[in-house]
Amino acid sequence: MSLDSITKNIFRNATIFLNDAIHHFNDGLDARNNKMLTIVALQMSLELAVKYKIARDYGIRFIFERITDSTTDAEIIDAYNNNSLRVKEFDATKNFLKAKREENTALSEEYAYMEKFQKYRNKLVHFDYNFSSSEEAELEDDIIHILVKILHTLMSDNILEDENRLFVVELISADEYTKL
């Protein structure tokens, strides 16, 4: 086990939620359960993708609470194996990226989408959410925007434009990609 393998596990989990979101999206947003499950899974994928991006580009230490410069890799791995690591909340990790100039440029228009879906997810998971008619009308486009633009930016390694389709094909199950 290494810090790199922990980062890969974060990526793997983001991909699992991504595929779950696409599955429910493909089943149709008209059904309330599909809408709820799409939003929740998409937001979970987004949160993990933000943590993955930070871990990959800046170091995994930046996503954990109570990790100092003196904390050894072995201590982090031990805490990971014992499920005792405390991960920073989404707002903290999102704001970490916002503070980075290069990330703020690449994602400047995307933070509003992240915050919108965070609100939806929190309301749905902790109580309920009544979507306005304009939110209902925009939901499908917003979901596709997060899938295509935001998750691609967070989960890819600055790949060339010609390779953008490979990101989608490699991460999404073949059946769900065909339906999508």
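Predicted model: local features only at pLDDT ≥ 70, side-chain atom pairs only at ≥ 80, totals over all residues.
Residues are numbered from 1 along each chain as its sequence is written, and side-chain values use heavy atoms, with hydrogens and water left out.

View 1. Along the principal axes, the C-alpha atoms fill a box of roughly 50 × 40 × 30 Å. Among contacts between residues at least 6 apart in sequence, 68% join residues at least 24 apart, a contact being heavy atoms within 4.5 Å.

**View 2. The surface and charges of the chain.** The accessible surface comes to about 10000 Å², and 49% of this belongs to carbon and sulfur atoms. These areas come from the Shrake-Rupley method with a 1.4 Å probe, and for residues only the protein chains shown count as cover. The chain carries 22 positive and 32 negative charges, whose mean positions are 5 Å apart. Lys and Arg count as positive and Asp and Glu as negative, while His and the chain ends are not counted. Each charge is placed at NZ of Lys, CZ of Arg, CG of Asp or CD of Glu.

**View 3. Lysine 53, a buried residue in helix H2****.** Helix H2 spans residues 32-58 and holds lysine 53. The relative accessibility of lysine 53 is 3%, so this residue counts as buried. What does the side chain of lysine 53 make a polar contact with? Its partner is the side chain of aspartate 57, at 2.6 Å; a polar contact is a pair of N or O atoms within 3.5 Å, and within protein one must be able to donate a hydrogen and the other to accept it, with residues adjacent in sequence counting only if both atoms are side-chain atoms. Leaving out residues up to four places away in sequence, lysine 53 touches Tyr58, Leu97, Glu103, Thr153 and Leu154.

**View 4. Threonine 38 and serine 45, also in helix H2****.** Threonine 38 has 0% relative accessibility and counts as buried. The side chain of threonine 38 reaches the backbone nitrogen of phenylalanine 25 at 3.0 Å. Beyond neighbours within four places in sequence, threonine 38 is in contact with Ala21, His24, Phe25, Leu29 and Ile143. Isoleucine 143 is 105 residues away from threonine 38 in sequence, but their C-alpha atoms are 8.5 Å apart. Serine 45 is buried too, with a relative accessible area of 0%. Not counting residues up to four places away in sequence, serine 45 touches Ala14, Phe17, Leu18 and Leu151.

**View 5. Loop residues on either side of helix H3****.** Arginine 66 sits in the loop between H2 and helix H3 (73-81), and asparagine 83 sits in the loop between H3 and helix H4 (90-99). Are these two residues buried or exposed? Arginine 66 is exposed, with a relative accessible area of 67%, and asparagine 83 is exposed as well, at 71%. Phi is positive, near 60 degrees, for arginine 66 and near 55 degrees for asparagine 83. Arginine 86 also lies in the loop between H3 and H4 and is partly exposed at 43%. Apart from residues up to four places away in sequence, arginine 86 touches Ile63, Phe64, Glu65 and Arg66.

**View 6. Aspartate 91 in helix H4****.** Aspartate 91 has 36% relative accessibility and counts as partly exposed. A polar contact of 3.4 Å joins its side chain to that of glutamine 118. Threonine 153 is 62 residues from aspartate 91 in sequence, with 18 Å between their C-alpha atoms.

Key
Helix = DSSP H or I, 4+ residues; strand = E, 2+ residues; numbered from the N terminus. Buried < 20%, exposed > 50% of the residue type's maximum accessible area, 1.4 Å probe, protein only.
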